[in-house]
2 protein chains.
Amino acid sequence: MPAQANVKVELLALLARRDVAGMRKYCEPWLPADLAPIIADLHVEQLALLFRATSRELAVATFPYLDTEAQRKLLKTLSQEQVAALLNALPPDDRTAFLDELPLDVAMQLLSLLSPEERAVATSLLAYPENSVGRMMTLDYVAVKPDWTVAQVLEHIRHFGYDRETLNMVYVLDEHGRLIDDVRVRRFLLSPLERPVRELMDGNYTTLFPTDDRETALETFRKFDRVALPVCDEQKKIIGIVTVDDMLDVAEEEATEDIQKLGGSEALDEPYTTIALSRMIRKRASWLVVLFLGEMMTATAMGFFEEEIAKAVVLALFVPLVISSGGNAGSQAATLVIRALALGEFKLRDWWSVMRRELVAGVALGLILGVIGFLRIAIWSAFSGIYGPHWPLVGATVGLALVGIVLWGSLVGSMLPLALKRLGFDPATSSAPFVATLVDVTGLIIYFSVALLILRGTML
Amino acid sequence: MPAQANVKVELLALLARRDVAGMRKYCEPWLPADLAPIIADLHVEQLALLFRATSRELAVATFPYLDTEAQRKLLKTLSQEQVAALLNALPPDDRTAFLDELPLDVAMQLLSLLSPEERAVATSLLAYPENSVGRMMTLDYVAVKPDWTVAQVLEHIRHFGYDRETLNMVYVLDEHGRLIDDVRVRRFLLSPLERPVRELMDGNYTTLFPTDDRETALETFRKFDRVALPVCDEQKKIIGIVTVDDMLDVAEEEATEDIQKLGGSEALDEPYTTIALSRMIRKRASWLVVLFLGEMMTATAMGFFEEEIAKAVVLALFVPLVISSGGNAGSQAATLVIRALALGEFKLRDWWSVMRRELVAGVALGLILGVIGFLRIAIWSAFSGIYGPHWPLVGATVGLALVGIVLWGSLVGSMLPLALKRLGFDPATSSAPFVATLVDVTGLIIYFSVALLILRGTML
């Protein structure tokens, strides 16, 4: 994109010369919405200079592209008056997202800079629960009556329309202001001018509640391929709309949360590169400690078999191999099931069909590893005496234990997320390390039980 | 959404009566695009019946909502002629996605049903590499000349426009057919009718190449908040466009791939619930076997310390605890770094700042676990003699080894994805289980080395 690289170079030159008139002239022909993503990674000081020189629209358009850190810094470099103007002009959904990231006292200060109307809007949006549809709403939308003509609608848009994402759908309200349909703007473009709105309606629309979780919104967008969805109250009165451009971000954030939990950490909720180190350590430590406490039971379990280990030290050699295989099988199963649940591929009531699949997969995978494990011991024993004269029995113990443990890992890994979901927890909490820990402890018991069964009378 | 539930119930009643006229009448007032997602989960036989009764547009609109299995079944229930009509009418991007999922011979058969023009289109799209932008292109877009007026553009759209997602942007071409700008359709709605297109242009646009990876497209969409991006060749000739509605699916698929790899499995590339069991087992077995072979080195490593274990069996008791803690720390670090890389939060050249963070985090996390580990041994020893008279030395061994292993796990987990990326591999390959396995082997060596250092002369 050479054109855009040039823009930045030329703007930087103007900024370096502090050429206010030049900047204004340079930016003037651009649509703020187009310039915003290009300049978003300039330094905050440069942005502040640029925004002082140019239109407020550019600042408003650029603001949502900045990360929270840059947003805060930018506000600090602007005068109180400029901050107020900027905040008042920001689209309500972007403003809510920004205020939400701030400490309460700073947010309150900024709220006090808003005009009474905008403050009422901001406060009402912030009153919705975190991660709810209400927080993502924007309040600009085009509403029309069913008896208007296409020409009237186009005239209305030309007069009152905003040049924003929100101008993709037109909402048709009845005489009581209740939503009766949504019609794509392009349908108006494709219809004869004298046609009444009524004839473009099909009575089919999907609405969200402001208290819906944003994951619900994401699913609805995916299912219905819409660019915007109306948010209504119980009386079908339209409160605002949510647009698809926010959904890419939601999808990304939700995936990040799931991935981080799967990796055995609390969700950071902030970028890895900018989160305070102490906060990151705290978030990681909590899970590591939980896992550590769980894993302590392996020491207890091993303690029960101390006598066996003393008699047959060779058994201890395979402990990490055997139990980690169970953990790996469990991690796989848990990850696949958690992702399938998140994508809505199956429901809780399908647990039996999942379990059946994992039974088959677990036995098959266990047999594969069990055979390899046995062969490894057989081959090593052909060349050295490391596993003693009873190596076939040791091999059988390891091989058989592997079948049991891999099967057990697959079952635990696949069922635990379902159980967590059934109990109302986030299935992604049953992370790979969590499953691995659980399977480690039980795996030890399986391993030594098999050993007792096979080796009693010979080595034990 | 009671309205939609009703639709399905009423349609099912008509289908049960095989009331062809009734179905046609019932569906007639609907926009196919609105009805499609509602009926998409009907049985294939019902859909076939419905599509025979109603307009071809409904079948075309519904087809992309079906999963591959249902699509195949549907085509089998339709006559050759109906299949040809349906395939010819499908939007090229949806058709490409469908054909791509089929075995080559079936795809070839279907291609032969297309009209020569549509076959040329389909073949050219399928010629682009898998997961490339070319595969996702659609070829319907609105192109105008810079000297047209707004009124002319609106007239052109009304005459030649399609009622599709693609009607959100208008592409301005110069006399040689080269792209010179893209303008949002709504800008035409907001402008006086006599204004020339030239005055709506800002010369700012972003293009994709058909050979670009779809992840590149996703990043560009995220960065520029567009609803559609033009795809151009080297001469700036526009080939097609890509729309944002396909991006939600791409984002989802990419996240699924990453998550499955992180869980220590090959990406399934198919839903968990419908993938053939044998194929799933194969995909899972390959990684399990690799991990198993890697983990075998733990048996070898433990073999080196067999003598020490025989002398101090108590050391063996803590092996699972100590090495799994390193694995967990490594999983955390790897997951966080892989996700941050996927989101573009930092670049490879920032590796040193990542390493510095992980050094601090690793030492802090190691100290936390080390202290807990020591306390556990101290407390148990206060009540029992299980860890022998030298328990303070055993505790010191476990505690110190934990610091080293957790630090080592954090470093390996964070640097391995960066190294893989540097070498041109997918960083997500360094899954949690992969890192855990690597850290298990090295963790054993750290643990027993610390033991030799501390316990020599007393227990060893």
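How far apart do the end C-alpha atoms of residues 432-455 of chain A lie, and what share of the span is helix? In this predicted model, the end C-alpha atoms of residues 432-455 of chain A are separated by 33 Å, and the span is 100% helix and 0% strand. Helices (H or I, at least four residues) and strands (E, at least two) are DSSP runs, numbered from the N terminus. Residues are numbered from 1 along each chain as its sequence is written, and chains are lettered from A and ligands numbered from 1 in the order in which they are written. Because the model is predicted, local features need pLDDT of at least 70, side-chain atom pairs count only at pLDDT 80 or more, and totals for chains, interfaces and linings use all residues, while side-chain values use heavy atoms, with hydrogens and water left out.

The span 432-455 belongs to a set of annotated segments. In an unreviewed entry, UniProt places the feature "transmembrane region" at residues 285-305, 317-338, 359-383, 395-420 and 432-455 of chain A. UniProt positions are given in the numbering used here, feature names are shortened, and annotations may be inferred rather than shown by experiment. For residues 395-420 of chain A, the end C-alpha atoms lie 37 Å apart, and this span is also 100% helix and 0% strand. The feature "domain: CBS" is listed by UniProt, again from an unreviewed entry, at residues 201-257 of chain A. Here the end C-alpha atoms of residues 201-257 lie 40 Å apart, with 42% helix and 19% strand in the span.

The relation between the chains was examined next. Two copies of a chain are related by a rotation about an axis and a shift along it.

Over all chains, the structure holds 16 aromatic pairs. Rings of Phe, Tyr and Trp (its six-membered ring) pair if their centres lie within 6.5 Å; planes under 30 degrees apart count as stacked, over 60 as edge-to-face and the rest as tilted. One of the pairs, A:F346 with B:Y272, is tilted, at 6.1 Å centre to centre and 50 degrees between the planes. This pair crosses between chains, from the loop between α19 (319-342) and α20 (351-383) of chain A, which holds A:F346, to the loop between α15 (245-262) and α16 (277-304) of chain B, which holds B:Y272. Both A:F346 and B:Y272 are buried (under 20% relative accessible area, with exposed over 50% and partly exposed in between; 1.4 Å probe, protein chains only). The tilted pair of B:F318 and B:Y387 has 5.2 Å between centres and 55 degrees between the planes. It links distant parts of the chain, 69 residues apart: B:F318 is in the loop between α18 (313-317) and α19 (319-342) of chain B, and B:Y387 in the loop between α20 (351-383) and α21 (391-422) of chain B. B:F318 and B:Y387 are buried. In chain A, one aromatic cluster is formed by A:F305, A:Y447 and A:F448.

Charged side chains also sit over rings (NZ of Lys or CZ of Arg within 6 Å of the ring centre and within 35 degrees of the ring normal). A:R357 lies over the face of B:Y272, 5.8 Å from the ring centre. Within chain B, the charged end of B:R376 is placed over the ring of B:W380, at 3.9 Å from its centre.

Helix α4 (residues 44-53) of chain B has seven of its ten residues buried, so it is largely enclosed by the rest of the structure. The buried residues of α4(B) are B:V44, B:L47, B:A48, B:L49, B:L50, B:F51 and B:A53. In helix α20 of chain B, B:M355 is partly exposed, with a relative accessible area of 21%. B:M355 touches B:L411 and B:M415, not counting residues up to four places away in sequence; contact means heavy atoms within 4.5 Å.
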